[in-house]
Amino acid sequence: MLLQVIASGVLMGFVYALVAIGLTLIWGVMDIINFAHGEFLMISMYTVFWMYTLLKFDPFVSLPVAALLIFVISYLTYKIIIKRVIDAPGLTALLATFGLSLFIRNLAQFLWSPDYRFVTTSLVADKKITMGPVIIGLPQMAAAMGSIIMTVLVFYFIQKTKTGRAIQATALDRDTAKLMGIDTEKVYAITFGISGACVGVAGALMATFFPVYPESGALYSLLAFVIVALGGFGNIKGALYGGIIIGLAEALGGFAFGTQFKYAVVFLIYLLVIQVRPKGLFGW
Amino acid sequence: MLKVKNLSVGYDNVPVVFDASFEVKEGELVSIVGSNGAGKTTILKTLSGLLKPFSGQIEFLGRRTDRMPAHEIVKCGIAHVPEGRRVFGKMTVLDNLLLGAHTLENQDEIAGRLKEVYDIFPRLKEREFQKAETLSGGEQQMLAIARGLMSKPRLLMVDEMSLGLMPILVDRVMEILKEISRQGLTVLLVEQKVQEALEMADRGYVLQTGRIVAEGTGKELLESDMVKKAYMGM
Amino acid sequence: MKKFFSLILVLFLVAGLILAGCGQQKQAQEQPAQQNQDTKQETQTVKIGAILPLSGSAAATGVKLKYAIETAQEIINGEHPEINMELAKSAGLPNLNGAKVEFIFADHQANPEVAKSEAERLIQNEKVVGLIGCYHSSATKPASQVAERFQIPFVAGSSSSAALTERGLKWFTRIAPHDGMETVLFFDYLKFLNEKYSAGIKKVAVVYIDNEYGVHAFEMVKKTIENYKADGFELVADIKYPANVSNVDTEVQKVKAAKPDAIFHASYIGDMTQFVKKYKELNVVPKVVLSYCGGYQDPQFVVNLGKDADYFSGPNATTSALFSKMPDLEKINEIYKAKSGVDIDGPTLEDFASAMVIAEAINKAGTTEPAKVLEALKTQEFAAPYFVSGKIKFGDDGQNIHSASVMTQIQNGIYEAVWPTDYQTKEPIPAFPDWSKR
Amino acid sequence: MMKKMKFHPLLVIFFVILILPFINDNINFHHIMIMFLIYAGLGEAWNIITGFAGQTSFGHAAFFGIGAYTSTVLFYRMHISPWAGMILGILLATLVAAVVSYPCFKLKGHYFAIATLAIAEIIKQIFISWEYVEGATGISIPVMDEGILNMQFHTSKIPYFLIAFAIFSIAVLTAHYIEQNKMGFYLKAIREGGDAAEAIGIDTVKYKLFAMMISAALSAAFGTLYAQYILYIDPFMVFTMDVSMKIVLLTVLGGLGSIYGPIIGAAILIPLSEYTRIFLGGTGKGVDLIIFGALIVAVACFEPEGILGIFKKGQRKKRGVDYARATT
Amino acid sequence: MPEPLLDVRGITMKFGSLVANEDVTFAVNEGEIVSLIGPNGAGKTTLFNCITGFYKPHSGRVFFNGIDITAKPPHYSARLGLTRTFQIVKPLKEMTVKENVMTGAFLRTSGKKQAELTAMEILELTHLAEKSDVPAASLTIADKKRLEIARALATRPKMLMLDEAMAGLNQTEIKDAMELCLGLKRKGITLLVVEHIMEAIMPISDRVVVLNAGKKIADDVPENVTSNEEVIKAYLGERYNAKSKKS
């Protein structure tokens, strides 16, 4: 049973990481807490759901569509809203993203009703892998694989491509980045877009085994905040490891102390880790 | 090549530079000298587009650049080596250099630039994959200049490169700049160390509390009594 | 500068005041306008407040409840001779010269604070003569306290916490069976299965959400099981999970480890669905799963889970399988379905009942005077052809003494009534087949 | 300059707030005024630690909740007057603030913010699971005879309003006093740079701790009032992140770091949220929150320094011109 | 000989494998102006940070006025009368000049009036009085440096540690700064000055301590230091040496 708990915890951790990667990117590059991140996730889940319901598309088919759509939405969010608040003092950006999250969440309720919905069949639905005493659902497995692939992709993108370098440079020193001929406005918009694409992929993968409803995104974004802070803001690897740690903490904590305490354990782990590493596990 | 007319600029509605006019001709090495707070850095920041002028005109190679965003100006051929080096400490030397070549598209051209730059600064080649923050101050300054050169600029602007460098290194970097200038690149140097800056300059301007108070060849300025007075704030 | 500051501040505050004033004026204007219209028809309007979770995490249910109450309003105000109910046949309330009933909806956002202030507003500003709602027991508590203070009758539909009727409130009544009654029902049903089908159910696990609803349900199980020890029942696991749970992996593993024969669930639709998915994934096969009034009763449960929803059971005020047996219910459902697109379900029907009952009480009292309405509520019996019990009667504590619920089980995607045997639409299936054999 | 002014702007604000409920005797308006005072006061309290000292707290609901629970539990279990409960709640919240925030002060920026959020969530979970305080079930405060001792008033909201006004005034005056005196200077120095502050002899940890404790104490007082006013509390309503975020939002909306900010912010946000809900909430489509969200975004975009920013901008322009004149 | 005001004994500070200070020992007597010089990366600022408590040295002790202040928080030393300024100025940007100085003055008083009086007095002394209501952020570099000193002075220190307070100033401003230092000395304030500009500090220093690569290589009166071959080689560089001799 313990094995199963650990396996489930790690798998869930990968899913959390999936959500956190996009968040950490914006946070690290622009120092903005995007409270609407969860809502982007929710839109992605709805996209997949509607493509499944109306067009009978498998979630894996609609995954790129969701990623692209959220990329565009995020990109526009930057252009329309974030651009105006990024240089504002203190918590203004937070105010804006919080307002945006309220707006999107309730717009979703307005448009699609607050019902809980499910994508009932997909390539991976209801399939599972049994390894001795451990049972692993294929949808979770797919999501975990997705999160690993995405971590690697985003990591590679940031480290090795020209745009990635520009993102890094902008994160480190915006003015000097401009002197390199980098259009930092564009870099920010792209960063926001990529973050959106990440969460779009996350939403598509998660829609195969989580319910879709207007509040569904908010659930994961709170945990994603903790994961990002645990891993260190802006650190892609940190988000992955942070996710796994949180997933494990939740599973093992719930197992040991009673499941009602599982999130309390998660928050406690964060507080403990942060005492030793005040800037997160991988923070500079 | 670069013409600045009646430039006024500053921060938060507070002007720092008043009505400054000067020019840089193709192939020259021009120094702007003045004590700290005179507005030298402000002028460079305006030239490279980080600040927008309150009034006045900037013309580079016949194009108005005063309303262009910074990254467009880089594409026009102006490279700005900022005060305090500002290398990307968490990134490798190579990444820093590649960032300098951000405006270039052609991979072969970038490779070519890289080779040229490594020829000028062999030290950087040795440290190619080190994080920039692990370099010494002098090496970082070299990296900053090399990074500026990567964009294949027509005009290289260097801000206060002597700041925080020990004198022996100041001399070395000055040498390198002179060499670069000799190879035909136009250089605009901003310095508070009047001696060193004017010694090597073809022409120079003296800035005092936001106003240009003297101009002439490097030698003229060094010998001019008036300049000394102005510079020392008398 | 500072003077300017204060001026602006004052302006803001005054703006707030004006806004408030405007709101009032608007209402004031609306009211006579409506009254004018009404006087033309020589009738008046009886206003009743309905406080529901119309946004937030329970909005899905709240919106359905709203449709149900609108259905009640339509039946009362319109002429529906096809439905065998007193208020349906004539337009409006016959004993009040055909006065129309208007339900005024307010959103409590699942927040007790808002529920309280909305109750006050409805009573004071909207001049409602009765209140119904609030679905969440935690919201019903402060809202009904307000009703008590203003001496306005409050009829709760689907709020199931037993604590509500234990407070000794005079002006409070409730339609739905509370969780204590439900728990007794559960054990009686299990006993029935054991006796009739030799189901051999002994070990009981309780899975419940960590809020008022879940915790209270569990307390009832703890208390009630003492009386059923003799029948061989024992509690093998109680698993409490956080509200807003993001996944239920660990919870299900704990359930699995306890190997229960029966699982009692106090869960909302979202978490309930996740549990079922996980039961399937980890191959948890109990004999019976019984759900307190909550997620199971939502028709979305079957829509989302399809075949996987089969064999789950729970008490329900109604089921679509009963429609054919109960023509009045069927007709009510037609009206409801036209609005909401889905069949009426248990909680929804209970809130529908609360709307009908309060209107009927006013009609029976022949006046909107609160004391008379309350007297009617407490003393009269109300016909409820839409419930299997057929009637509603409130006890001294305000609890409906006729349990409106039947035990249902989902079979082939349909909520079949399985117990008590009088209302059976299908026989219960007292064992889960293996998940792979569905 | 303005020192000898006949009235202080705060007095004007106090006066206007105080007479408003007597002009408009609509009970719903009274409710809004009470909520306005509670949230404006919470904003003032939060502003001390976040606006002045620059330590972003996302967990103020914890102190609010502790205040609410302490008095309620004492009243519910032992029939101790809520006033005594309020004082105990304040002490307890202050103690908790000191104990939990001390180890967090070495964290910078958002790491601190997330830590406060984590602490608040843990405290919430403790209360949910704590049977003595009725856990998740919440406590319905026994309805007693109305009177100042029981802090319960059933016939009119005016007494609640006056109590709220009193605590609000204390909060505003505390913030005002801090701002004008040594502590305010010190907190602002800490906000702008810990090292510089340390170098001139400011014990940054001590002052941050003071600020947090004062802030927690004020928040707890409002908690007690809130519980007595609603007469029902459960952990989900007082410990929720929604309360923390509402405090943050309205203060940022009004203007961070100024005693006027929370007042302006609450004066806009509270009536706005109440009235959008009242007029549009009944539709069940979330229209009220759509509009509400859009308005917040609009304010953030067009007035990034909060509503107060409009005035500041004017001021700065004037100063800037003066300075330019002085230097040329 | 009286006990020194500041007594630094065997300070060693490491960052990972990098040794920034190695066994540095020196003392500053009451009423002295002592300069701490050395080429870039010699570890001057690190030493400053160790003395004032921003860093915890790996070994060694620091005594101020006979009290052990090693690894005590900076505000502790400030309270004892040891205040420092920063190489990179840290004005409290959103406050005015006067408020900046008042913040310093609050160390010795809780009264706002008193703090204001102290602030005005110090602003006069540092020639900032006419800019007292200007926001600190809009000052020029020279004024910011002056403000940094003014704020430190407002804490009424026995000893002031200036970290490159003259870097980036012009000739006239440097002269002003030198005057200021001498004026402070007359007022009985002991000074420890880190500086690059030799011309400025040589005339005013009573003693000069030279660091190179983290180690102390000289500790003597200025005349002797300037003629110390090791110092010249390590620090000045040929050309600069020649030039400063010329002037």
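In this predicted model, Ser160(C) is located in the loop that runs between strand S4 (154–156) and strand S5 (172–174) of chain C, where helices (H or I, at least four residues) and strands (E, at least two) are DSSP runs, numbered from the N terminus. With a relative accessible area of 6%, Ser160(C) is buried; buried means under 20% relative accessible area, exposed over 50%, and partly exposed in between (1.4 Å probe, protein chains only). Apart from its neighbours within four places in sequence, Ser160(C) is in contact with Ser137(C), Arg174(C), Pro177(C), His178(C), Asp179(C) and Tyr213(C), contact being defined as heavy atoms within 4.5 Å.

Residues are numbered from 1 along each chain as its sequence is written, and chains are lettered from A, with ligands numbered from 1, in the order in which they are written. Local features need pLDDT of at least 70 and side-chain atom pairs count only at pLDDT 80 or more, whereas totals for chains, interfaces and linings use all residues, and side-chain values use heavy atoms, with hydrogens and water left out.

Chain C also contains cis peptide bonds. The bond from Gly133(C) to Cys134(C) is cis, with omega near -5 degrees, and Cys134(C) is found in the loop between strand S3 (130–133) and helix H5 (137–150) of chain C. The bond from Trp419(C) to Pro420(C) is likewise cis, with omega near 0 degrees, and Pro420(C) belongs to the segment after strand S14 (414–419) of chain C.

Over all chains the structure holds 0 disulfides, a disulfide being a pair of cysteine sulfur atoms within 2.5 Å. For Cys293(C), the closest cysteine sulfur is that of Cys134(C), at 15 Å, which is too far for a bond; Cys293(C) counts as buried, at 12% relative accessibility. Cys76(B), at 14% relative accessibility, also counts as buried.

Most residues other than glycine have a negative phi, and most peptide bonds are trans. Asp31(A), although not a glycine, has a positive phi of about 55 degrees; Asp31(A) is placed in the loop between helix H1 (2–30) and helix H2 (37–55) of chain A and counts as partly exposed at 49% relative accessibility. In chain E, His127(E) has a positive phi near 60 degrees, lies in the loop between helix H4 (112–125) and H5, and is exposed, with a relative accessible area of 57%.

In chain D, helix H1 (residues 9–23) and helix H2 (residues 27–52) pack at an angle of about 160 degrees, with their axes 9 Å apart; axes are lines fitted to C-alpha atoms, for helices over the stretch in contact, and angles run from 0 to 180 degrees between N-to-C directions. H1(D) and H2(D) are therefore roughly antiparallel to each other, a term for angles over 145 degrees. Their contact is made by Ile17(D), Leu20(D) and Pro21(D) of H1(D) and by Phe29(D), His30(D), Met33(D), Phe36(D) and Leu37(D) of H2(D). In chain E, helix H3 (residues 97–105) and helix H5 (residues 141–153) pack at an angle of about 35 degrees, with their axes 7 Å apart. Here the contact involves Val97(E), Asn100(E), Val101(E) and Gly104(E) of H3(E) together with Leu147(E), Ala150(E) and Arg151(E) of H5(E).

Among the 7 pairs of chains that touch, the most contacts are between chains C and D. Chain A and chain E do not touch, their nearest C-alpha atoms being 12 Å apart.

Key. Parallel < 35°, antiparallel > 145°, perpendicular 65-115°, else oblique.
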